[in-house]
Amino acid sequence: MTIYEQMLSRYAEVDRKANFEVMQQIALVGLYRAGFFEHAAFYGGTCLRIFHGLQRFSEDMDFSLLAKDANFNFEQFFPAVIKEFEIAGRTVEITKKDKRSFGKVESAFLKDTTDVYNLTFQHEKSLKIKIEVDTEPPLLFRTEQKLLMMPYSFMTRCFTLPDLFAGKMHALVFRIWKNRVKGRDWYDFEWYVRQGVRLSWAHLHERILQFNGEDMTREQFRTLLEQKLETADINAVKADVAPFVLNPRELEIWSNDYFLQVSRMMQFE
């Protein structure tokens, strides 16, 4: 049995989601071995899923450099990732995605300074992980080392929970998806509040300045958040997140008023 198969055997159901998670973990160990986390940190929904037990499936892997570097070459780490998959018993390809081919939804919240790559199996293209690396990120975030023990024990530098929360709230309020809403943002928002995580205003303010060019106060942000929560189509929110949630019954209580009440429980650092 290969390492890849051993990792899959830990899952009760060996499905597409299980394969994605094993791929994500092997990619992380390859990046660790290559020294990538001396330069960058992991953030986003997949980070929350792998290291904090979020009960929501997440496909993409998001990374931020620790300092701005427009000339950073992510591709120097590819050989180590490819080798790690070979050791695990699979052959993968990593290709840079042409931003000109992005759809309107995909490009609406993507900065010009973010490089995007696809990680795929050589003979199974349907299993594709999108990897994003922000080379000129908003700063004022903190990081911590988080341990994974499969396929081997290794450390991943991750955003701290308050700074992960800041990134999520920026996405929830400012992400432009035309007629769609991303219910996964709402699910994560609820998770942070339930866990008692305090929102890092320093990092959120920095993200708003860089992405949106606004010097906003906490009160102004709360007002925008409440407007979003009041006016969104809650059925569309549920429909977006339902395929990614392990227990869909969690969504039964969701309503606009429910999220307004959740937002009033949110605390800033």
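Axes are lines fitted to C-alpha atoms, for helices over the stretch in contact, and angles run from 0 to 180 degrees between N-to-C directions. The model toured here is predicted: local features need pLDDT of at least 70 and side-chain atom pairs count only at pLDDT 80 or more, while totals for chains, interfaces and linings use all residues. Residues are numbered from 1 along each chain as its sequence is written, and side-chain values use heavy atoms, with hydrogens and water left out.

Select helix α3 (residues 45–52) together with α7; helices are DSSP runs (H or I, at least four residues) numbered from the N terminus. Their axes come within 11 Å and cross at roughly 45°. The pair is therefore oblique, the class left once angles under 35 degrees (roughly parallel), over 145 (roughly antiparallel) and 65 to 115 (roughly perpendicular) are set aside. The α3–α7 crossing is left-handed, meaning that the near helix is turned anticlockwise from the far one by less than a right angle.

Next, display the side chains. Gly-45, Leu-48 and His-52 of α3 are in contact with Asp-188, Trp-191 and Tyr-192 of α7, contact being heavy atoms within 4.5 Å. These residues divide into 3 nonpolar, 2 polar and 1 charged.

On α7, select Trp-186, Phe-189, Glu-190, Val-193 and Arg-194; they meet Tyr-258, Phe-259, Val-262, Ser-263 and Met-265 of α11. This contact comprises 7 nonpolar, 1 polar and 2 charged residues.

Key
Helices (H or I, at least four residues) and strands (E, at least two) are DSSP runs, numbered from the N terminus. Ala, Val, Leu, Ile, Met, Phe, Trp, Tyr, Cys and Pro count as nonpolar, Asp, Glu, Lys and Arg as charged, and the others, Gly among them, as polar.
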